[in-house]
Amino acid sequence: MTRTVFTGGPVLTMAGGTVEAVVVDGARIAAVGGRGIEADFPDATVVDLAGRTLVPGLIDAHAHL
């Protein structure tokens with residue numbers, strides 16, 4: 001699996017807060033936390049958000065529950 005660390009900008013969570021970094025392993029979120037989390041995943045590709053905000057993806061933004 002390919003691991004990717006997104007850091008360098010705020011990461012919005014579904015819990016209503018923000019974190020500084022998120023690690024994605026394949027199709028799953030492996031970890032969230034502060035800067036420096038990439039040290040726990042030395043084989044990961046690091047993507048610098050350059051201040052941009054990373055938001056959760058929405059599969060179907062229009063749903064009637």
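How much space lies in the largest pocket? The largest pocket holds about 250 Å³, a volume being the space filled by probe spheres set on grid points that are joined across faces, edges and corners. A pocket here is an open set of points on a 1 Å grid over the protein atoms alone, where a 1.4 Å probe fits, with protein on both sides within 12 Å along at least five of seven lines; lining residues have an atom within 4 Å of a point. The model is predicted, so local features need pLDDT of at least 70 and side-chain atom pairs count only at pLDDT 80 or more, while totals for chains, interfaces and linings use all residues. Residues are numbered from 1 along each chain as its sequence is written, and side-chain values use heavy atoms, with hydrogens and water left out.

The lining of the largest pocket comprises 13 residues, and L12, V22, I29, V55 and P56 lie nearest its centre. Strand 1 (3-12), strand 2 and strand 3 each give two or more residues to this lining, with the largest share, three residues, coming from strand 1. Strands are DSSP runs (E, at least two residues), numbered from the N terminus. By residue class, the lining has eleven nonpolar residues, two polar and no charged; Ala, Val, Leu, Ile, Met, Phe, Trp, Tyr, Cys and Pro count as nonpolar, Asp, Glu, Lys and Arg as charged, and the others, Gly among them, as polar.

Turning to the sheet, four strands form an open arrangement in the order 3-2-1-4, with mixed pairing. Strand 3 (28-33) and strand 4 (45-48) are at the edges and have a single partner strand each, so one side of each lacks a neighbour in the sheet. Two strands pair if DSSP finds at least two bridges between them. Strand 1 and strand 2 run antiparallel and are joined by seven bridges, with R3 partnered by D25 of strand 2. Their hairpin has five residues between the strands, and there G16 takes a positive phi near 90°. Strand 2 (residues 18-25) also pairs with strand 3, antiparallel over five bridges, and A21 has G33 as its bridge partner. Strand 1 and strand 4, by contrast, pair in the parallel sense over four bridges, one of them linking T4 to T45.

The loop between strand 3 and strand 4 carries F41. This residue is buried, with a relative accessible area of 15% (buried means under 20%, with a 1.4 Å probe and protein chains only). Beyond its neighbours within four places in sequence, F41 is in contact with R3, V23 and A31, contact meaning heavy atoms within 4.5 Å.

Definitions and conventions: Buried means under 20% relative accessible area, exposed over 50%, partly exposed in between (1.4 Å probe, protein chains only).
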